[in-house]
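Hi everyone, thanks for coming. I'd like to walk you through one chain today, so please have the model open and follow along with me.

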Amino acid sequence: MYRRDIAPRVRRESCLALSVAALVFGMFAISDYHYTGVSTELYLLLAMRLIVVVSCLILAFLIGRVGDYSRKSWLHALPLWILATAIILIVPLRPESLPTQVTAVVVATMAFYLLIPNLLPIVAIASLYLNLGFLAAAMMVADIPAVIALRIVLLLIMTNVVGFFALLRLEKLQRKQFALLQEERVQNHQLVEEITHRKSLEAQLRLLAERDELTGLDSRSHFMKRAQALLLRSQHDTAPFSLFMIDVDHFKSINDTWGHIHGDRVLTSIAETCKRSLRPQDVIGRFGGEEFIVALPETHLKDAKMVAERLQRKVTELPVMEDMPDHRLTVTIGIAGVLDEETDLATLIKQADQALYVGKHDGRNRVVVSQKVGDEISARAMHRKERAIYEQAKKDT
Ligand SMILES: Nc1nc2c(ncn2[C@@H]2O[C@H](COP(=O)(O)OP(=O)(O)OP(=O)(O)O)[C@@H](O)[C@H]2O)c(=O)[nH]1
């Protein structure tokens, strides 16, 4: 994973290091001219430098394009061997500049180790080749005293040891850093998974709390929250607001005669009928057992009554009744409406419940408007009527 992760960076860095090394190597042509003047050696040196620079640039280009260092390590090794060979060849071509060449070998060795990252074995072998090759060439071409030769050997050993361990340490640190980063990534990933899992659990819990399991309608508590918000908005906008309490008639006998499973099916069908025949902005909840509750925003009491009657009719036509030929499925609906700004949800529910009770008492299968609301409406109508008579009388006089 580490190798895969750093591959693009190694490719880029190797490509850059090689291009710079090739150009620097080429620029030494100036010093060649200074040492040799226009001579056969200069031409040989120039030809050699040109070949090295061109081949290094081609290899740098190839490494940049396709040089995956873990699979094509030879591609990374090749330019090092070319450069090393060229440096070794300078010894017989410019034997008088041996001290400068020792420095060049030390710098090249350090550059191999430090500028070509994450390829320690390749770099170490190429450095060894450069150092041994240089020593052999120097011994053959120049007459070096033994002490000087020993000093050069020691200097090169030191350079290699320093370069080798510097690169080794660098690689170890990079691997450690990568391992830590990887650990952090895994932990982050686990954390994200945990958060997603918790969120989905929360959503499921919320759904469980908000929905009635059997009918899929709002649970009682969720209905109360939504209805309360709708009521407040209606009162703020001075818009009408009505509320139904729907109760299935003789539901106990359905359970007792056809069983609870059939009873459940009846409840589900009634819930579906409510959903189908009411508007999307109406809020429907299961209040408990076989009782449903509906909040109708922006609905006047007379319109609510029409809606309730339509719903009552639709329930009697439900196909679920085919299994119960002797039974007539009916509902009783109690309605209440907002009269003033003081009316709260609890009062509305109480009034609708009272109307429902009246409906049950009067024989079921009916829609009853809350008496209190009815009285209040008639009182207001009376008030309006009286006021109209008074206004008319005033006009007449
Ligand atoms: N199948 C089923 N039955 C339920 C459920 N919740 C409540 N019940 C039953 O509904 C019945 C309600 O009976 P009652 O309160 O006597 O009302 P009713 O028989 O409909 O009589 P009225 O309302 O006076 O017409 C009880 O037998 C409850 O056990 C439910 O989720 N599924």
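**A walk through the chain**

Let's begin with the contacts: among those in the chain with a separation of 6 or more, 70% are between residues 24 or more positions apart. Please keep in mind that this is a predicted model. The chain has 397 residues, and 28% of them count as buried. In secondary structure, there are 13 helices and five strands.

Now for the part that UniProt annotates. The unreviewed entry there places the feature "transmembrane region" at residues 12-30, 42-62, 74-92, 123-142 and 148-168. Let me show you two of these spans in the model. Residues 123-142 are 95% helix and 0% strand, with end C-alpha atoms 27 Å apart. Residues 148-168 are 100% helix and 0% strand, and there the end C-alpha atoms lie 30 Å apart.

Next, the inside. Which residues touch the most other members of the largest nonpolar core? That core has 43 residues, and the answer is Phe-244, Ile-270, Phe-292, Val-294, Ile-333, Ile-335 and Ala-352. Take Phe-292 as an example: leaving out residues up to four places away in sequence, its contacts are Ile-246, Ile-270, Ala-271, Cys-274, Ile-284, Gly-285, Arg-286 and Phe-287. Apart from this core lies another one, of 32 residues, including Val-52, Ala-84, Val-91 and Val-123.

Because seven of the seven residues of S4, residues 331-337, are buried, the strand is largely enclosed by the rest of the structure.

And what does S4 pair with? With S1 the pairing is antiparallel, over seven bridges, and Phe-244 has Ile-335 as its bridge partner in S4. With strand S5, residues 367-369, S4 runs parallel, joined by three bridges. Here Ile-333 has Val-367 as its bridge partner in S5.

Let's move on to the ligand. There are 16 residues around the ligand, and Asp-249, Phe-251, Lys-252, Gly-263 and Gly-289 come nearest. Strand S1 (241-248), helix H9 (251-258) and helix H10 (260-277) each supply at least two residues of the shell. H10 gives the most, with four residues. By type, the shell divides into four nonpolar, five polar and seven charged residues.

A couple of backbone details are worth a look. His-250 sits in the loop between S1 and H9, and has a positive phi of about 50° although it is not a glycine. It counts as partly exposed because it has 16 C-beta neighbours inside 10 Å. Asn-365 also has a positive phi, near 50°, and is a residue other than glycine. You'll find Asn-365 in the loop between helix H12 (345-361) and S5. With 18 C-beta neighbours inside 10 Å, Asn-365 counts as partly exposed.

One last stop: Leu-214, in the loop between helix H7 (146-210) and helix H8 (220-236). Is Leu-214 buried or exposed? Exposed, because Leu-214 has 12 C-beta neighbours inside 10 Å. Even so, Leu-214 touches Asp-264, Leu-267 and Thr-268, not counting residues up to four places away in sequence. Its C-alpha atom is separated by 9.5 Å from that of Ala-271, 57 residues apart along the chain.

Technical notes:
Residues are numbered from 1 along each chain as its sequence is written. This is a predicted model: local features need pLDDT of at least 70, side-chain atom pairs count only at pLDDT 80 or more; totals for chains, interfaces and linings use all residues. A nonpolar core is a set of buried Ala, Val, Leu, Ile, Met, Phe, Trp, Tyr and Cys residues joined through C-beta atoms within 7 Å. A residue is buried if 20 or more other C-beta atoms lie within 10 Å of its own, exposed if 12 or fewer, and partly exposed in between; C-beta atoms are placed from the backbone. Two residues are in contact if their C-beta atoms, placed from the backbone, lie within 7 Å. A residue is near a molecule or strand if its C-beta atom, placed from the backbone, lies within 6 Å of it. Ala, Val, Leu, Ile, Met, Phe, Trp, Tyr, Cys and Pro count as nonpolar, Asp, Glu, Lys and Arg as charged, and the others, Gly among them, as polar. UniProt positions are given in the numbering used here, feature names are shortened, and annotations may be inferred rather than shown by experiment. Two strands pair if DSSP finds at least two bridges between them.
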